[in-house]
Amino acid sequence: MIKMKEITKFYSSGFVKTFVLRNIDLDVAEGEFLTIMGPSGAGKSTLLHIIGMLDSPSSGEYFFYDKPVHRLSERQLSDLHKNHIGFVFQSYHLIDDLTVYENLETPLLYKKVKGSERKGKIAEMLDRFNMVAKKDLFPNQLSGGQQQKVAVARAIIINPRLILADEPTGNLNTKEGTEVMDLLKELNESGTTIIQVTHSEKNAEYGKKIINLLDGWIVEE
Amino acid sequence: MFKNYIKIAARNLVKKKIFSFINIFGLAIAIAFCILIFLFVRDEMTHDSFHQNADRLYRVNVLTKEDDGSMEAHAMTPPPLGPAFKQEFPEILHMARFKKRGDVVLYQGQSSRESIALADPDFFKMFSFRLIKGDPFTVLEDRSSVVMREEVAKRYFGNEDPIGKVLSIKMGWRFYDFVVAGIAEDIPQNSSVTFDFIVSFDRVRDYTPENLLNQWLGLTTLTFIELQQDARETELENKFPPFVQKHLGESIKKYRAGDMSAFRFELQPIKDIYLNAQLRSSYVAGSNPVYSYILAGIALLILIIAAINYMNLAIARSAMRLREIGVRKVLGADRKKLMNQFFGESLFFSFISLCMGIAVAELFLPAFNNFTNKKLAIGYFSDWTTPVSIVGLMIIVTVLSGSYPAFFLSGFRPAQVLRSQLKLGGKSKFSQWLVVVQFTLSIFLIISTLIMTRQLNYLRNRDLGIQGEQVVIIPTQGSPLGTQLVTRFRNELAGHGNILGVTGSCMVLGNDSTHVISVVRTTESKIMANYFFIDQDFLKTLDLEIVEGRDFSREFPSDPKESVIVNETLVKEMGWNSAVGKQIRTFMGRREPLTIVGIAKDFHFESLHTQIKPAIFYIEPRNPAEFIYVKISPDNIPGSLGILEKTWKKSAPNFPFMYSFLDEEFHKLYRMEERWQNIIRNTSIFAIVISCLGLFGLSALAIARRTKEIGIRKVLGASVAGITRMVSMEFIKLVVFANIIAWPLGYYAMKRWLRGFAFRIDINVWIFLLAAVLAAAVALLTVGFQAVKAAASSPVESLRYE
């Protein structure tokens, strides 16, 4: 499903090039649960962003379902986002001005899902996460764990084939963290590909394969 | 989807009340301004277009060749022209001559001075002045009919039916009875042709001798024509030269040495009359298209300033919205969708600002009308231009204020913003330039205001060379007593301590519609001069100095008819060293020349726009005095006025007592300038207020951005003053820079404006410094207040939330 060849990413200021990723080769098959680990500054988040098409590599090739991502237009990229990829961030990144309900609605609106269908999907999601009572609250009225649950719900409401999670439990306590990881495991078992970035050994155990990054290189396990 | 955007915009608005208020208020004011200016300009540009036949209506103008070879245009035409035109040119469907005179109307014992118009019967067929009562086709055919304007009729008859009532109107020397035969609807605001009373043109015979009515050399009436459907203006004009030859050939041979190009007729479309009114004596207070352009320019300026504010604040606020943008992109929004969102928000704001702006415009409309001397109204559906313009305005504002955020912010990569690698918040070059532009405009306007105010004060206070404050001018209004009134006043008031002098004249100094300009000849040369017909006491009463020779005096019985006094400028223009004893001829065709007996010191009898012109003072006993000048002492002016009124009523009981003060006549000359000074001053206040609103918002954001930095500096030992200075500097230096651009602009613009005055002030450096200091002070207040607050807050607070 994902094929990356010699992916490199650097930032240049003046004459100095700071390399964040060097020569990354990566293959991910459908249905995998991959964990990317490494110390701070190793380039994990950058790699995740590139996989998720939120950023582009400085050089190298990236094929997503055999489509050459590095050559797609912005329009085509956002199409892929809408339909296939769900993102879960460490700091949730919910839209503060929208209620829980509206936050869940937003990706569906971008996908141009019809009104009644939208309502149905959102209701289902709220129910699944036990958040029906909170649907009209704003993010700043929820706890960290609840916000992350909403974020996960938002990520999966479009039935993506791939979920990218960047330190999903970083801001949660143990109980909340476990809840979220269990959710991800469940999704993986029903066929969704999951790639997560984490520091936590415990979280890594949920996955089947681990990749270690150090100073931009893959040091495989 | 759109609903979503509106929801967010609305919630944003409530959350950030201050910023929202700044944005909306600034835009609303700008919109209100634009609406008012739009009404003004539209009125100016559509004058006289409401007539149904407007495209076929023309005024006939006369062009005469002046002594220096140039052609001068006159709106007035000879009386026999109209009927001759109608008779000889089949292209003309209707013709109406039109003239106005002021005279007395008597009804039920009350007399008042009114403006009486005379017009040919075709008048109401040509012009769309609707008659509420009376038949437009016949109402002016009866010599004893009078048509009144609705409002005027109400004044005289209240709610009674005016038709059939009899008014006594003075035409010339006598009163005649007129029957009210028609009532006209009130005349639209933008009509050049106005009237209160109209009688048949034929009544001109009441006060004009027959030979004058038939002569082709006097330019005494307006002539309007309506062309046939298929007639063409240029084709008709081509027929004019043979017409001139036929009717004026003899006179031209006699007076112009046969030069046929000395006299020409021309057709002017009625829609062009108002804005091209530089013609002599046309009854129309014309206007200049320049005013409309300038005002439109100003409105655009203000709009730009307000839109800049919105842009600035939207950009600065975007620091907090970058995350949202990133998230939306992750969720599948492409750039177009984000741009739509931002335009949607700015549309939302624009709509609210529009509503508020309309409300503000309505609020200020009465004052604006007062100011521009018009009766404007926002007729929301009266014609298509209004709603279209309002919607257009909203769209312009939406685009102007939403475009930068829409284009700039939607272009970010999600990764950049999610990692907060971008720092926005008022420090971008674009925002800084916008502030500079705003303050440049504001400073420019302040400079203009200061200079205009100084010039106006100069005009008003400059020593005109005559005593004006307490000279009362009383028009004799054609009373048959004429000059005798002056004598009567002088005799009756001789004993009163507060009456310091009485004299008479045919002219009102300062009011050039009463002046006569004509030629003064000697055997060697001739020049144009202002003629003043006065009596022996005139120069004395007005304290005008004689620098050579003597004043008129009753001890010299030959003074009337044989002596003249001239002013210094006339002497200079003639090229003389001394003039006493020299002889000149006037335009009045006398056989014997007149002798100059004295030279008067130059004084201003016209506005300070022009240099002092040559003037000649003459006692012409055949011209009855039209104005009595009474000099009164400054003590107890109301008492003196009372005495004057009593004396008047004794001498001329059938005529209303009217008066004005001489210095007011001069002040009237500067009314236009006063208006403009007001406009510029108010505009500069607006501009500064809006600029400060913007600065307030920006500085608040900048300070918020630097909260952590301020906290750290305090911990390291910085003082409140030091921090305040550091924070304010960021903005004050922008204001200082704005001065550099504004000063040359202001200087150039004001220099051009001042060129319109023959007498003007010098532009001093301190004016620019004052403007700079004002702008800086205001900016400092705006920014400083917040800076001090931030600098004084405890570092613990600012460093608490990482």
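Student: Where does A:K112 lie in chain A?
Tutor: This is a predicted model: local features need pLDDT of at least 70, side-chain atom pairs count only at pLDDT 80 or more, and totals for chains, interfaces and linings use all residues. Residues are numbered from 1 along each chain as its sequence is written, while chains are lettered from A and ligands numbered from 1 in the order in which they are written. Helices (H or I, at least four residues) and strands (E, at least two) are DSSP runs, numbered from the N terminus. A:K112 lies in the loop between α3 and α4 (115-128) of chain A.

Student: Is A:K112 buried or exposed?
Tutor: Count C-beta atoms, placed from the backbone, within 10 Å of the residue's own: 20 or more others is buried, 12 or fewer exposed, and in between partly exposed. A:K112 has 10 others, so it is exposed.

Student: And A:H93, buried or exposed?
Tutor: A:H93 lies in the loop between β6 (85-88) and α3 of chain A. Because 21 C-beta neighbours fall inside 10 Å, A:H93 counts as buried.

Student: What positive phi does A:H93 have?
Tutor: Most residues other than glycine have a negative phi. A:K112 is not a glycine, yet has a positive phi of about 60°. A:H93 is not a glycine either, and its phi is about 55°.

Student: Which element gives the most to the side of chain A that touches chain B?
Tutor: Contact here requires C-beta atoms, placed from the backbone, within 7 Å. The contact takes 18 residues from chain A and 19 from chain B. On the chain A side, α2 (74-84) and α3 (100-110) give two or more residues. The top contributor, with 5 residues, is α2(A).

Student: At roughly what angle do helices α11 and α12 of chain B cross?
Tutor: Axes are lines fitted to C-alpha atoms over the stretch in contact, with angles from 0 to 180 degrees between N-to-C directions. The axes of α11 (335-372) and α12 (385-409) of chain B come within 8 Å and cross at roughly 150°.

Student: In β21(B), what is the bridge partner of B:V472?
Tutor: The open sheet has 4 strands in the order β13-β21-β12-β22 (chain B), paired antiparallel. Strands pair if DSSP finds at least two bridges between them. Here 5 bridges join β12 (471-475) to β21 (627-632) of chain B. The partner of B:V472 is B:V630.

Student: Which helix of chain B packs on this sheet?
Tutor: The helix touches β13 and β21 of chain B, and its direction makes about 170° with that of β13(B). Spanning residues 483-492, this is α15.

Notes: Two residues are in contact if their C-beta atoms, placed from the backbone, lie within 7 Å.
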